[in-house]
Amino acid sequence: MGAFLDRLPPDRREAVAGGVALLDGWMLFHEPPTHERLRAPMRREFTPRAVGRLHSMIEERAQSLLDEIDSGPRELNLVDAFTHRLPADVIAALFGVPQHLSSWLATWSAEFGVLVFGATRRADYDEVVRRSAATFQDHLGSLVEQRRILPTDDLLSALVAVEGAPDGLSTAEIIGACSLLLFAGHDTTTSLLGSSIVALDRHEADRERLANDAEAAPRAIEELLRFESPPKVMLRQVTESHLRGQHRFESGQSVFMGILAANRDPRVFDEPDELRIDRDPNPHLAFGFGHHFCLGAALARAEARIALPALYRRFPELRVVGDPSWKSTISDRSPEQIIVSVGRSQPTGPNQTW
């Protein structure tokens, strides 16, 4: 990250220094052995078994948000009411972020995305990046201090418990790692939920099946991850000069790797531009590959498998009104507004997706 700062003009360097310090704790910007050292303390908290213990909490929060929607206007922005709020509440609960800070977390995630997604042309770029880094350091730094004194049953307490140990992280690395997981655990799942709702709006039979057939959910979510992957591209740097196909890559060059294109590759997927919720096998790359495979994949899958069927069971007449608006970033495929008509609601019943 130091090399990145060195390339910036002095005034911008000062503005983004705090944000870059957080990014330095992001495992995805490191290779082994640093990558493994940053990842190891959190790996066991994101296994499918560990995430399974969160199902009841995810369901409870989803139903609470659906209750709010049900008591409000029949036409609303579903991003504000549901797809943005649910992942923020879930990841906040996992880390032990107090409930009253979950709304701050959603706002912070949007602001920190200005740095992560490189929105340097924004007139307020420097101000937003500086503010988002400072508020995160303040809030998470205070929580770390609290967990040192009074640990609880959450991920932040688990990280603080081994702080400075041979298999633990430093304080700065804990705060940086938290910024990654709180950002990615909220932003990308928000993107998945929103994009899935837009895609399913054109497939009534698939919506009905997702709502009423518990066995359909796992494959359906994998297909939605392929069809509308939250990441558009991943940026990588060439470490060794080499020839790939007919292209020469030189050490130090930046390469944009098209996740959306890979997930529509006709050499891998039959009818790649068609949404087929029973597609199997489905070797999509929405969560990456190899040692950079997304740590929170099990959590994102669980949230989608619970939230989407619950939404369509409660509101079987839900339809998108007009065209959604999308975030204008090169790396993130995410609707920022989805106006929907929810129609009549159905009584809630037991969860059918677990």
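Buried means under 20% relative accessible area. That cut-off is used in the views below, all taken from a predicted model.

**View 1. Helix H7 is mostly covered.** The helix spans residues 85–95. Of its 11 residues, nine are buried. Gly 96 follows H7. The phi of Gly 96 is positive, near 85°.

**View 2. Cys 178 and Cys 294 are in no disulfide.** A disulfide is a covalent bond between the sulfur atoms of two cysteines. A search of the whole structure finds zero of them. For Cys 178, the nearest cysteine sulfur belongs to Cys 294, 16 Å away. The surroundings of the two residues can be set side by side. Cys 178 is buried, at a relative accessible area of 1%. Cys 294 counts as partly exposed, at 30% relative accessibility.

**View 3. A nonpolar patch lies on the surface.** Leu 235, Phe 256 and Ile 330 form this patch. Together they have about 310 Å² of accessible area. Leu 235 is found in strand S2, which covers residues 233–237. Leu 235 is partly exposed, with a relative accessible area of 47%. A patch residue needs over 30%, so Leu 235 passes that cut-off with its 47%.

Note on methods
Residues numbered from 1 in each chain as written. Predicted model: local features only at pLDDT ≥ 70, side-chain atom pairs only at ≥ 80, totals over all residues. Heavy atoms only, no water. Disulfide = S-S within 2.5 Å. Buried < 20%, exposed > 50% of the residue type's maximum accessible area, 1.4 Å probe, protein only. Helix = DSSP H or I, 4+ residues; strand = E, 2+ residues; numbered from the N terminus. Patch = residues over 30% accessible without salt bridge, like charges linked within 9 Å, V, L, I, M, F, W, Y side chains within 5 Å. Areas by Shrake-Rupley, 256 points an atom, 1.4 Å probe, with all protein chains shown as cover. Salt bridge = Lys/Arg side-chain N within 4 Å of Asp/Glu carboxyl O.
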